[in-house]
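Have the sequence and the 3D view ready, and we will go through some sheets and some charged pairs together.

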Number of protein chains: 2
Amino acid sequence: MATAKAHTNIALVKYWGKKDQELIIPQTDSLSLTLDEFYTTTRVNFDQELTADQVMINGQQLAGPAAAKVTHLLDIVRQRSGLSARARVDSQNHVPTAAGLASSASAFAALAGAASRAAGLQLSRRELSRLARRGSGSATRSIYGGLVEWQAGHDDQTSYALPIMEQVDFGIEMIAILVDTHKKKVSSRFGMQQSVSTSPYYRVWPEVVARDMAAVKKAIAAQDIDQIGAIAEENALRMHALTLSADPGFTYFDSDTITAMTIVRELRENGVNCYFTMDAGPNVKVIYDQVNRKAVYSTLAAQFGTDRLVVAKPGPGIEIWND
Amino acid sequence: MATAKAHTNIALVKYWGKKDQELIIPQTDSLSLTLDEFYTTTRVNFDQELTADQVMINGQQLAGPAAAKVTHLLDIVRQRSGLSARARVDSQNHVPTAAGLASSASAFAALAGAASRAAGLQLSRRELSRLARRGSGSATRSIYGGLVEWQAGHDDQTSYALPIMEQVDFGIEMIAILVDTHKKKVSSRFGMQQSVSTSPYYRVWPEVVARDMAAVKKAIAAQDIDQIGAIAEENALRMHALTLSADPGFTYFDSDTITAMTIVRELRENGVNCYFTMDAGPNVKVIYDQVNRKAVYSTLAAQFGTDRLVVAKPGPGIEIWND
């Protein structure tokens, strides 16, 4: 029996599109910030007496395709370890599920950590990152804390995350605006596949990412939060342009998303530097230097209320322990 | 003294980007539907006693860059006709100004018609179309009624509109949702220039348009409103993806735009075929077969109220008369 705790991450340069659906090899590199406030704690226990994997999330039994994804990752662990037993998985998710806050990132990172340890495998963080990738692309990055790069690679061996700056010692911070915590309509898995196969602009995306990756690494080295934020905002919009331009076109934005984007732009026009990013859901995350926290928070609270805001700082990498 | 009445038009395949800023030669062809409900009536009187052009719109004197654009078109007319007199321009605009309902299309078409006639020029409709183009790109198409193509061409001689179907004898219709009739923040002139010069996706746009132009002409020939609507919706989203992906990225959508898009998609899911398009502003125009008018109208009215809805049918080409 083993338990792992992994934090979610928000991509500053987005992962949007796979080269290999089965192995989850992405089309491009990506870069994220792991967040302290959102995490998943998962305990795994392989038990000969079970006839099937049993997966509980926040006390609810998981079924259907979501449970099948968990079993798929457990099968990989069983294959590597030679174990045949089914597992009891008990997961506490401190992330609103499936609303673009990347709960699958922390969930599959924690599952990879706990399952591999419970099966007796001693994996390096790089190997853990590769294993987490098989569950969900963004989970690849949630093995590490702070600022993390996922190198696209070209196969299972070469596609893994690397820490860029594990201890973030400058004031970058985010406020997540919980626009809609209901389950989203278009999964990121399906949404990115639609973009790859039907957006005429998708073929330019790898170029966009290559430029943004180089620029954001420079900005991180210079601890230039404004530059990091500006790159993240531009990159997010260019990712969302790929959903609008798909066939049929779609958008993860809802009306509150537009309102939040407008407020961020207005704050900036008024001299309070902050930047937005959105993943495959309507939630908006606002990036800023912590010296601006009060101004950003109070302006967002006036529109959305404090109940819908979460302040998040850079978070740590995965922790795994034997129970 | 002469008066002209010209109707606005809504592009089904968008004009988004110039090859030549001064002559307003577009990057691509485009195709539009002229609408009956929105029009401009303009009277022009060249008068030796005036020391400067005087431009009234809806009883208000026009000044600044907007007045300069009018004088620019009048200068072209003066140059061609040999007239030197300044003009009195009196314009009644039955279009909400600068909210993406293309008031400049009807305004510059009417101005070209009235000014050329008042100056004694006898221009063919093709020549009128080229003249209107010098005021505003979309005005090129407002010379003709019904479904109209603007052939990009490559210079002043070759860039003009052509009628595709002047009498539209099938049931295509639109409802314009007046989301925000305030002046927009980013002019279409500036917005398209930003897209051309900073969106990495812009280079793919000419390809998108070439495909959509061919497809929409086929759909028009087949009087297939669903196909026309689907192409228009996809083309609009791909145009708006160019604003999101500009640097800095921007959007003409406001929160009501997203709400309207969602309602249209839901209507479609419920078997009521309709499609949206948006120009350089937050207003949404819904395209449908008139047999669906009641269902579309009542659903939109429940959200936006009847005051903000205008039903528009295909409209006629320019009329010009001597007063």
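In what order do the 4 strands of the open sheet in chain B stand? Before we answer, please keep in mind that this is a predicted model. The order is β11-β12-β10-β13 of chain B, and the pairing is antiparallel. At the edges stand β11 (274-277) and β13 (309-312) of chain B, each of which pairs on one side only. From one strand to the next, the twist averages 25°.

Let us look inside this sheet. Strand β10 (residues 172-177) of chain B and strand β12 (residues 284-289) of chain B pair in the antiparallel sense, with 6 bridges between them. To find a spot on this pairing, pick B:Ile175, whose bridge partner in β12(B) is B:Val286. A helix belongs to the picture too: α7(B) packs on the sheet and touches β10, β11 and β12 of chain B. The direction of α7(B) makes about 160° with that of β11(B).

**Over to chain A**

Chain A has an open sheet of 4 strands in the order β11-β12-β10-β13, with antiparallel pairing. Here β11 (274-277) and β13 (309-312) of chain A each have a single partner strand, so one side of each is left without a neighbour in the sheet. The twist in this sheet averages 25° from one strand to the next.

Within the chain A sheet, strand β10 (residues 172-177) of chain A runs antiparallel to β13(A), and 4 bridges join the two.

**Charged pairs**

Side chains of opposite charge can pair when their charged atoms come close. How many salt bridges does a search of the whole structure find? Over all chains, the search finds 33. Here are some of them.

| Salt bridge | Closest N to O distance |
|---|---|
| A:Lys285 and A:Asp279 | 3.7 Å |
| B:Glu233 and B:Arg268 | 2.6 Å |

Start with the pair in chain A: are A:Lys285 and A:Asp279 buried or exposed? A:Lys285 is buried, and A:Asp279 is buried as well.

B:Asp47 has a relative accessible area of 18% and is buried. B:Arg88, with a relative accessible area of 34%, is partly exposed.

Next comes the salt bridge between B:Glu233 and B:Arg268. This pair links distant parts of the chain, with B:Glu233 in helix α6 (residues 225-244) of chain B and B:Arg268 in helix α7 (residues 255-269) of chain B, 35 residues apart. B:Glu233 counts as buried at 6% relative accessibility, while B:Arg268 is partly exposed, with a relative accessible area of 24%.

Finally, which residues do salt bridges with shared partners join into one network? They are B:Asp53, B:Asp75, B:Arg78 and B:Arg86.

Technical notes. Residues numbered from 1 in each chain as written. Chains lettered and ligands numbered in written order. Predicted model: local features only at pLDDT ≥ 70, side-chain atom pairs only at ≥ 80, totals over all residues. Heavy atoms only, no water. Salt bridge = Lys/Arg side-chain N within 4 Å of Asp/Glu carboxyl O. Buried < 20%, exposed > 50% of the residue type's maximum accessible area, 1.4 Å probe, protein only. Pairing = 2+ DSSP bridges. Axes fitted to C-alpha atoms, helices over the stretch in contact; angles between N-to-C directions. Contact = heavy atoms within 4.5 Å.
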